[in-house]
Amino acid sequence: MGKWGWVKMILKYCRKPTVSILAAFLIFSVPAAEAESLAGKIGDKRFAPNLSLDPKEACYKAYLAYKAAGGHSAYATTFYSRVVDLYIICGAKLNAPTQKAAEEIALRNCQYGLKKWKVRTASGGCAIAASK
């Protein structure tokens, strides 16, 4: 076999285990992709919601909760016209399974508010202001 015969023998019988060990090493050495928290992020902002700076107002609280939520969330509100509308109706959905589901539920919540209080707005209804 010669001077390097033992190397050929090791390569012949240890190739599969060596490849498996190296593959496992590569798999576990790559850091796992973790889902990034959405807390504190605005997300997809479609228009700037008109918020009063009164921390007791329900829509202001809902928007702050939307921003603080770590999962898929959405904030829906009525458009505001200073000349015609005297109020703002809003709806939010926090930590939904998907962004689309959050948008649908937030929009339904806002529309429910319009029906509940029997109001009409100059803009005609609710729209998604921001979602993530």
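In the predicted model, Tyr63, Tyr66 and Tyr75 are joined into a cluster by ring pairs. One of these pairs is formed by Tyr63 and Tyr66, whose ring centres lie 6.0 Å apart with 35 degrees between the planes, a tilted arrangement. Both tyrosines belong to helix H2, where a separation of 3 residues places them about one turn of the helix apart. Tyr63 has a relative accessibility of 9% and counts as buried. Tyr66 is likewise buried, at a relative accessible area of 0%. The ring of Tyr66 also has a charged neighbour: the charged end of Lys132 sits over this ring, 5.0 Å from its centre.

In total, 3 aromatic pairs are present in the structure. Among them is the pair of Phe47 and Phe79, with a centre-to-centre distance of 4.6 Å and an angle of 35 degrees between the planes, which is again classed as tilted. This pair connects distant parts of the chain, its two members being 32 residues apart. Phe47 is located in the loop between strand E1 (44–45) and helix H2 (58–68), while Phe79 is located in the loop between strand E2 (72–78) and strand E3 (90–96).

The two phenylalanines fall into separate accessibility classes. Phe47 has a relative accessible area of 17% and is therefore buried, the limit for this class being under 20%. Phe79, at 37% relative accessibility, counts as partly exposed.

Technical notes. Residues are numbered from 1 along each chain as its sequence is written. This is a predicted model: local features need pLDDT of at least 70, side-chain atom pairs count only at pLDDT 80 or more; totals for chains, interfaces and linings use all residues. Side-chain values use heavy atoms; hydrogens and water are left out. Rings of Phe, Tyr and Trp (its six-membered ring) pair if their centres lie within 6.5 Å; planes under 30 degrees apart count as stacked, over 60 as edge-to-face and the rest as tilted. Helices (H or I, at least four residues) and strands (E, at least two) are DSSP runs, numbered from the N terminus. Buried means under 20% relative accessible area, exposed over 50%, partly exposed in between (1.4 Å probe, protein chains only). A charge sits over a ring if NZ of Lys or CZ of Arg is within 6 Å of the ring centre and within 35 degrees of the ring normal.
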